[in-house]
Amino acid sequence: MGVLLRRIRQVPVGGGLSMPERQALSRLDRQGPASASELARREQITAQAMGATLATLQARGLIERRPDPNDGRRAVLSVTPAGHQALEDKRNAQTAMLAQALTAHFTAEELARLGAAAPLLERLGESL
């Protein structure tokens with residue numbers, strides 16, 4: 001499982017994102033707007049490291065920064081349409097790579113066994 005996950009995460013995409021950029025962007029996409037300090041806490045990295053990552057994402061137009069409606073001293077970050085597209089491009093590239101590997105290197109019987117195991121793997125992931 002570890003090799004599979006690492007290889008899927010390493011799929012190159014034009015204008016690709018670094019791992020920290022992808023993680024921050026994905027978290028904002030999944031969990032909604034957040035402050036830089038919240039993201040740093042969730043990713044278990046320093047505020048300085050997260051700040052550098054977010055600055056790059058903002059410079060590329062993948063996230064936007066707005067004043068927090070509840071606390072004017074803070075900023076809230078959210079994913080822009082370009083950021084959503086970058087994530088979608090990455091997911092599509094990962095899906096294409098996985099589909100190509102499955103069709104090129106597995107028999108019909110092996111594909112059926114993988115298909116039968118998929119619900120079990122999903123249940124395992126949900127139980128963690």
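Visitor: Which residues in α2 are buried?

Guide: This is a predicted model: local features need pLDDT of at least 70, side-chain atom pairs count only at pLDDT 80 or more, and totals for chains, interfaces and linings use all residues. Numbering runs from 1 along each chain as its sequence is written, and side-chain values use heavy atoms, without hydrogens and water. Buried means under 20% relative accessible area, exposed over 50%, partly exposed in between (1.4 Å probe, protein chains only). In α2, the buried ones are E21, R22, A24, L25, S26, R27 and L28.

Visitor: How far apart are the end C-alpha atoms of α2?

Guide: Helices (H or I, at least four residues) and strands (E, at least two) are DSSP runs, numbered from the N terminus. The expected span is 1.5 Å times one less than the number of residues. Helix α2 has 13 residues (19-31), so it should span 18 Å. The model agrees, with its end C-alpha atoms apart by 18 Å.

Visitor: Which residues does L28 touch?

Guide: Contact means heavy atoms within 4.5 Å. Residues up to four places away in sequence are not counted. That leaves, for L28, the residues P33, A34, L39, I63, L77 and V79.

Visitor: Which residues have the most contacts inside the largest nonpolar core?

Guide: A nonpolar core is a set of buried Ala, Val, Leu, Ile, Met, Phe, Trp, Tyr and Cys residues joined through side-chain atoms within 4.5 Å. The largest has 16 residues, and those with the most contacts inside it are L25, L28, L39, L54, L57 and I63.

Visitor: Which elements each supply at least two residues of this core?

Guide: In soluble globular proteins, nonpolar side chains tend to be buried together. Here, the elements that each give at least two core residues are α2, α3, α4, β2 and α5.

Visitor: Are α2 and α3 roughly parallel or roughly perpendicular?

Guide: Axes are lines fitted to C-alpha atoms, for helices over the stretch in contact, and angles run from 0 to 180 degrees between N-to-C directions. Under 35 degrees counts as roughly parallel, over 145 as roughly antiparallel, 65 to 115 as roughly perpendicular and the rest as oblique. These two helices pack at about 105°, with axes 11 Å apart. Therefore α2 and α3 are roughly perpendicular.

Visitor: Is T53 buried or exposed?

Guide: T53 is found in helix α4. Its contacts, leaving aside neighbours within four places in sequence, are P20, E21 and A24. Because its relative accessibility is 10%, T53 counts as buried.

Visitor: Is Q44 buried or exposed?

Guide: Q44 is found in the loop between α3 and α4. Because its relative accessibility is 73%, Q44 counts as exposed.
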